Amino acid sequence: MADPVFEYALRLADNALVLGHRLSEWSGRSPLLEEDIALSNLALDLIGQARLFYAVAAEAEGAGRNEDRLAYFREAEDFRNVLLVEQPNGDFAHAMVRQFLYAAFMQPFYAALAGSADARFADIAAKAVKEMAYHVRHCGEWVIRLGDGTQESHARAAAALDELWTFTGELFEMDAGERALAATGIAVDRASLKPAWEATVYRVLDEATLDRPADRYMQTGGRDGRHGEHLSRMLAEMQVLARAHPGVTW
């Protein structure tokens with residue numbers, strides 16, 4: 001059984017890396033030059049967080065793997081990210097809604113993790129919470145602009161919200177290992193964050209004139225390594241250079 005700290009750090013790192021790569025796929029494709037730069041900066045925030053969490057995971061594992069080995073030399077079934085972050089890029093509304101739903105959870109998550117009994121997690125979270133606050137504001141403003149914009153932009157934002165909502169339940173799941181870490185003050189009680197997440201999300205949806213999705217079955221399994229084909233395809237592209245030239249230095 002994997003060390004709980006290793007598993008916890010790995011999940012956080014995988015979330016950030018996978019979503020960071022998804023955002024990086026928008027480079028050169030955004031509707032505005034300013035937004036092209038903004039999305040690249042959001043991606044860099046996430047990849048920076050991933051590197052720090054991979055370092056903690058590598059230390060906890062003690063098997064000689066570093067952040068590069070963890071990022072580029074694992075198969076899809078070894079990744080522990082939530083399914084939300086691996087969903088492929090659709091249109092711009094899809095990207096903004098996906099990022100907003102994730103960031104609205106991670107901002108209070110990092111605020112709570114900043115009080116972790118493990119100083120490594122606390123230090124990472126203290127920096128990351130500021131980054132997530134910007135992500136919430138930036139993407140939330142776009143959700144409002146799209147939802148309360150033209151008939152076309154509203155329809156696209158509503159379609160993205162309806163498609164992505166089914167992946168949000170997994171954000172609040174905890175297994176026995178994570179609950180044990182929470183009991184010791186290391187991990188965050190994810191369920192306790194739902195009121196804060198809902199308050200942020202519902203406020204933005206109201207301003208965006210978007211209907212709140214009805215309760216439904218929530219997709220799950222990513223945190224246990226059960227992913228769809230989208231992640232495998234993304235990893236094939238993301239990992240190809242490192243695997244073609246293992247151990248190369250620049």
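**Exercise 1. Determine how helix α1 and helix α10 (residues 229-244) are oriented to one another in this predicted model, and which residues form their contact.**

Step 1. The axes of α1 and α10 come within 11 Å and cross at roughly 75 degrees.

Step 2. Angles of 65 to 115 degrees count as roughly perpendicular.

Step 3. On the α1 side, the contact is made by Leu17, Val18, His21 and Arg22. On the α10 side, His230, Leu231, Met234, Glu237 and Met238 take part.

Step 4. Sorted by class, this contact has five nonpolar, two polar and two charged residues.

**Exercise 2. Determine the orientation and handedness of the pair formed by α1 (residues 4-24) and α2 (residues 33-61).**

Step 1. The two axes come within 7 Å, and their crossing angle is roughly 155 degrees.

Step 2. The cut-off for roughly antiparallel is an angle over 145 degrees. The angle found here therefore makes α1 roughly antiparallel to α2.

Step 3. The crossing in which α1 passes α2 is left-handed.

Step 4. The contact of α1 with α2 has 21 nonpolar residues, along with three polar and two charged ones.

**Exercise 3. Decide whether Gln99 is buried or exposed, and list what Gln99 touches.**

Step 1. Gln99 is found in helix α5, which covers residues 92-113.

Step 2. The relative accessible area of Gln99 is 0%. Buried means under 20%, so Gln99 is buried.

**Exercise 4. Describe the fold of the whole protein chain by its elements, its dimensions and its contacts.**

Step 1. The protein chain has 10 helices and zero strands. Read from the N terminus on, the elements run α-α-α-α-α-α-α-α-α-α.

Step 2. Along its principal axes, the C-alpha trace spans about 55 × 45 × 30 Å.

Step 3. A compact globule with 250 residues would have a radius of gyration near 18 Å. The protein chain has 18 Å, so the value agrees with that of such a globule.

Step 4. Of the 250 residues, 50% count as buried.

Step 5. Take the contacts between residues at least 6 apart in sequence: 81% of them join residues at least 24 apart.

Conventions. Residues are numbered from 1 along each chain as its sequence is written. This is a predicted model: local features need pLDDT of at least 70, side-chain atom pairs count only at pLDDT 80 or more; totals for chains, interfaces and linings use all residues. Side-chain values use heavy atoms; hydrogens and water are left out. Axes are lines fitted to C-alpha atoms, for helices over the stretch in contact, and angles run from 0 to 180 degrees between N-to-C directions. Helices (H or I, at least four residues) and strands (E, at least two) are DSSP runs, numbered from the N terminus. Angles under 35 degrees count as roughly parallel, over 145 as roughly antiparallel, 65 to 115 as roughly perpendicular and the rest as oblique. A crossing is left-handed if the near helix is turned anticlockwise from the far one by less than a right angle, and right-handed if clockwise. Ala, Val, Leu, Ile, Met, Phe, Trp, Tyr, Cys and Pro count as nonpolar, Asp, Glu, Lys and Arg as charged, and the others, Gly among them, as polar. The radius of gyration is taken over C-alpha atoms; the globule rule is 2.2 Å times the number of residues to the power 0.38. Buried means under 20% relative accessible area, exposed over 50%, partly exposed in between (1.4 Å probe, protein chains only). Contact means heavy atoms within 4.5 Å.
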